[in-house]
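Work through the exercises below with the sequence and the structure at hand. Try each task before reading its solution.

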Amino acid sequence: MTDDIPSFTEHEIRALVYLHDVEMQRDEEKPPIMSELEELTDWHSKYWTRSWKRLQPKGLINRVKDGQASRLALTEKGRLVANKFMQINEVLEE
């Protein structure tokens, strides 16, 4: 019965929302590398790694290797999910 209810960890939600925010702030063609994400969000790379490993199979994040670095980008589906979580935050802040 619980298969019809999506489940996300706090870190997965945070990764989606943070990556959405970073994508909105940056004006570059290439997605950010994880060290940039860490610098822009003050969130450790180990959390980014754990999150993309869980979110990529769900089709929410794309990881692109760039030499030894990894670039992360939301998919269209990932953007939609991030927006929903941001809407939930807005409702809870009211």
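**Exercise 1: a histidine in a helix**

H20 lies in helix α1 of this predicted model. Decide whether H20 is buried or exposed, and list what H20 touches beyond four places away in sequence.

Solution. Step one: the relative accessibility of H20 is 8%. Step two: buried means under 20%, so H20 counts as buried. Step three: leaving out residues up to four places away in sequence, H20 touches L74, R79, A82, N83 and M86.

**Exercise 2: two helices**

Describe how α1 and α2 are placed relative to each other.

Solution. Two packed helices are described by the angle between their axes and the distance between the axes. Step one: the axes of α1 (residues 10-25) and α2 (residues 34-41) come within 11 Å. Step two: these axes cross at roughly 95°. Step three: angles of 65 to 115 degrees count as roughly perpendicular, and α1 and α2 are therefore roughly perpendicular to each other. Step four: on the α1 side the contact holds Y18, L19 and V22, which meet L37, L40 and T41 of α2. Of the residues in this contact, 5 are nonpolar, 1 is polar and none is charged.

**Exercise 3: a leucine in a loop**

Locate L60 and decide whether L60 is buried or exposed.

Solution. Step one: L60 sits in the loop between α3 (45-55) and β1 (61-66). Step two: with 2% relative accessibility, L60 counts as buried. Step three: apart from residues up to four places away in sequence, L60 has contacts including F8, L16, L74 and V81. Step four: E39 is 21 residues from L60 along the chain, and their C-alpha atoms are separated by 22 Å.

Terms used: Residues numbered from 1 in each chain as written. Predicted model: local features only at pLDDT ≥ 70, side-chain atom pairs only at ≥ 80, totals over all residues. Heavy atoms only, no water. Axes fitted to C-alpha atoms, helices over the stretch in contact; angles between N-to-C directions. Helix = DSSP H or I, 4+ residues; strand = E, 2+ residues; numbered from the N terminus. Parallel < 35°, antiparallel > 145°, perpendicular 65-115°, else oblique. Contact = heavy atoms within 4.5 Å. Nonpolar A, V, L, I, M, F, W, Y, C, P; charged D, E, K, R; others polar. Buried < 20%, exposed > 50% of the residue type's maximum accessible area, 1.4 Å probe, protein only.
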